[in-house]
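The following paragraphs lead through selected features of a protein model.

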Amino acid sequence: MRTFFEYLRPKSLVEAISMKKKHGSLAYFWAGGTDLTLHWKQERCHPKYCIDLCYLNGLDEIKVLDDKISIGAKTSLWKIERSGHKHILLRTLSNIAKLMCTPQTRSIATIAGNICTASPAADLSPALMSMGAKIIVQGVNGQKVLPIEKFFKGVNKTSLSKDEMVVEISIPISKSIVKAASYYRIDRTVVDIALVNSSTCISINKEGTILDSRIALGAVAPVVLQAQEASDILIGKSLNNIDENLINEVSQISREISKPITDIRAGENYRREMVAVMTKRSLLNTITQLKESII
């Protein structure tokens, strides 16, 4: 039976966190509410208090600064979808947002809500992980910064304590470095969660030497996986020397790192094979973006 809950509307971020500390696991933050509403209707959660964050200011902005892209926790997928002109990495996030849910849902669903659901098949999480994103968390004791790979602890589990909330997603950038990312997934229908997904991000200097490379894989483990052993192969290489053989090698190593399962949606072997395919496509697209950026 669905529970009744008490509606709380804080006037500030400090008050919102204070409410969460007071009520602990009985209270849930509400921003877009797309997942929370579904889970409540399915009786997967039983909130006693609902803390509405919709009226708090300053948490729904996208800023491109000298050293980072700052995305407020309440930023909607709709706003991300329309931010692609601001930066090459936001263009990738914009393309991902267009794959997610329906236009109506994208108008209210938030980036932090999507991340905090901690689904291993999420679309944004692999891309943000490959970009080296950091999660800014606010609690009663102040702020802390977590690499996104340390934020996820399992299926629908994060490292957030009962009195903490995500306030910002920060993606590092630099004027002296060209950085591009790509994301590919395979799914059954247009509005569906991924059977397998892969995101790659490569950073190069002005000479075209790869300074950093990251690959993140989704829907193949309880959490989004970093395929560091695979991506490290590219570091130090010249962008012009990346050939199909090297890309195939990186993609196959990513395949071996994955830990998929068989379920009603897809088989283990199929998912593992698709890891290599999605990673190869993602790498090729990322390299194309980089070459176009330095012409």
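This is a predicted model: local features need pLDDT of at least 70, side-chain atom pairs count only at pLDDT 80 or more; totals for chains, interfaces and linings use all residues.

Tyr55 belongs to the loop that runs between β3 (49-52) and β4 (62-64).

The next element to consider is a sheet. Strands of a sheet pair through backbone hydrogen bonds, in either a parallel or an antiparallel sense. Here, four strands make up an open sheet in the order β11-β12-β13-β14, and their pairing is antiparallel. At its edges lie β11 (178-186) and β14 (225-226), each of which pairs on one side only. Strand β12, residues 196-204, is joined to strand β13, residues 210-218, by eight bridges in the antiparallel sense. Cys201 stands opposite Arg214, a residue of β13. Packed on the sheet is helix α11 (residues 268-294), which touches β11, β12 and β13. The direction of α11 makes about 150 degrees with that of β11.

Side chains of opposite charge can pair when their charged atoms come close. The side chain of Arg214 meets that of Asp212 in a salt bridge, at 3.3 Å from N to O. How exposed are the two partners?

In total, the count comes to 14 salt bridges. One of them joins Asp66 and Lys175, whose closest N and O atoms are 3.4 Å apart. This pair links distant parts of the chain: Asp66 lies in the loop between β4 and β5 (68-72), whereas Lys175 lies in the loop between β10 (165-172) and β11, and 109 residues separate the two. Both Asp66 and Lys175 are exposed.

A further salt bridge is formed by the side chains of Glu256 and Arg255, with an N to O distance of 2.2 Å. Arg255, by contrast, is buried, because its relative accessible area is 16% and the buried class lies under 20%. Finally, salt bridges also link residues into a network, which comprises Glu81, Arg82 and Arg106.

Terms used. Residues are numbered from 1 along each chain as its sequence is written. Side-chain values use heavy atoms; hydrogens and water are left out. Two strands pair if DSSP finds at least two bridges between them. Contact means heavy atoms within 4.5 Å. Axes are lines fitted to C-alpha atoms, for helices over the stretch in contact, and angles run from 0 to 180 degrees between N-to-C directions. A salt bridge is a side-chain nitrogen of Lys or Arg within 4 Å of a carboxyl oxygen of Asp or Glu. Buried means under 20% relative accessible area, exposed over 50%, partly exposed in between (1.4 Å probe, protein chains only).
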